[in-house]
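Subject: Structure for your review, with notes on salt bridges and helix packing

Dear colleague,

Please find below the structure that I would like to hand over to you. My notes on salt bridges and helix packing follow it.

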Amino acid sequence: MEEKVYQILYKRNIIQPLKGFCTTVEEGNIVKAAKKLGLTQATITRQIQSLERDLNEELFDRSGKTVVPNEKALRFYDIAIKRIEAMETLFADFLTSEKIEDDNTIRIAAHYGIISKFLPKYFKDFKEKNKNVKYEVYNINREDALLKLEKNEVDLAIYPETKYNKSLYSKNIFSSDPILVLPKGHFLENKNEKNLTVDDIIANNFISLNANMTFDFFKNTLSNLKSKSHLKLINCDWHVVKELAKQEIGITGIFDFFLEKDDKLIYKNLSHILPKMNIDVVIQRKNFIKPSLKKFLILIDKNYLKNFN
């Protein structure tokens, strides 16, 4: 049997009867719905009757002036209200998209290691084919970056993996191995890295950092393991930690992607006992992505937008 195709066209208008129906569900009264929409009661009644005729379903239990939506009406309401909301923002979305389409500035929030190690290649490659593009880069912490992203103050954020709310879309673009950093002459220098254990790390004055995104994975992991650190650095970077390690103040850690080797230090891979760090590119979930941003995301990862919707 051929499936029926519904065409809801009261006075050749699909939106008005949906508005009349949804407002009646919300108000529980045709008179109140008519007043709210600035229409007559008869118009609202005809709109609802049109819907019921086209759906071949009764949507309300009627008792005098009161109408009570039945179960099918409530299911239909859940679908219809989303369509109405989408249509009501259609023109605003179009006008916004025109402004965004003319915007050739890509605003990026990232950790300084990402800015210096990861982005330069993409800046150069992208600029060669997109001469008018401009970049704004924010070296800020992850929490501030996500707030800026939600407020549309940046277009994308690139940080080690974290939990994101449903308004944001993220995709892992690469992973990095954890590396133990020792001063030369440290007793762990001669131990095969495959034989290193978590106990080796937590027992040996691991230099701890605070509010530093490259290191907070180490900090959190070792904290959970009750690592004993006699030195915590506040708002310091890798270069400070490296100098302290060279002077035998303690041992420390970094991920191989950010590593700048120094011949006075020893490096041992810890991926056999600690997880890798995943780096995510995060954007807002929205209907329109400006062309320059879309091209840049695809340059970073050709499959970045594959599961976006």
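Does Glu260 count as buried, partly exposed or exposed, and at what relative accessibility? Glu260 counts as partly exposed, because its relative accessibility is 31% and that class covers values between 20% and 50%. Please bear in mind that this is a predicted model.

Salt bridges

The count of salt bridges in the model comes to 13. In one of these, Glu260 pairs with Lys117, and the closest N and O atoms are 3.7 Å apart. Glu260 is located in the loop between strand E10 (252-255) and strand E11 (265-269), whereas Lys117 belongs to helix H6 (residues 112-117), so this pair ties together parts that are 143 residues apart in sequence. Lys117 has a relative accessible area of 35% and is therefore partly exposed.

A further salt bridge joins Asp177 to Lys276, with 2.2 Å between the closest N and O atoms. This pair also links distant parts of the chain, 99 residues apart: Asp177 is in the loop between strand E6 (168-176) and strand E7 (178-183), and Lys276 is in the loop between E11 and strand E12 (277-284). Asp177 has a relative accessible area of 14% and is therefore buried, the cut-off for that class being under 20%. Lys276, with a relative accessible area of 42%, is partly exposed.

Within helix H11 (residues 238-246), Glu243 and Lys246 are 3 residues apart, about one turn of the helix. Their side chains form a salt bridge with an N to O distance of 3.0 Å. Glu243 is partly exposed at a relative accessible area of 34%, and Lys246 is partly exposed at 23%.

Helix packing

Two helix pairs deserve a description here. Helix H1 (residues 15-27) packs with helix H2 (residues 30-37) at an angle of about 125°, and their axes are 8 Å apart. That angle makes H1 oblique to H2. The crossing in which H1 passes H2 is right-handed. On the H1 side, the contact involves Lys19, Gly20, Thr23, Thr24, Glu26 and Glu27, which meet Ile30, Lys32, Ala33, Lys36 and Leu37 in H2. Divided by class, the contact of H1 with H2 has 5 charged, 3 polar and 3 nonpolar residues.

The second pair consists of helix H7 (residues 119-129) and helix H12 (residues 291-300), which pack at an angle of about 125° with their axes 11 Å apart. H7 and H12 are therefore oblique to each other, and their crossing is right-handed. H7 contributes Leu119, Tyr122, Phe123, Asp125 and Phe126 to the contact, while H12 contributes Ser292, Lys295, Phe296, Leu299 and Ile300. The contact of H7 with H12 comprises 7 nonpolar, 2 charged and 1 polar residues.

With kind regards

Methods. Residues numbered from 1 in each chain as written. Predicted model: local features only at pLDDT ≥ 70, side-chain atom pairs only at ≥ 80, totals over all residues. Heavy atoms only, no water. Axes fitted to C-alpha atoms, helices over the stretch in contact; angles between N-to-C directions. Helix = DSSP H or I, 4+ residues; strand = E, 2+ residues; numbered from the N terminus. Parallel < 35°, antiparallel > 145°, perpendicular 65-115°, else oblique. Left-handed = near helix turned anticlockwise from the far one by under 90°. Contact = heavy atoms within 4.5 Å. Nonpolar A, V, L, I, M, F, W, Y, C, P; charged D, E, K, R; others polar. Salt bridge = Lys/Arg side-chain N within 4 Å of Asp/Glu carboxyl O. Buried < 20%, exposed > 50% of the residue type's maximum accessible area, 1.4 Å probe, protein only.
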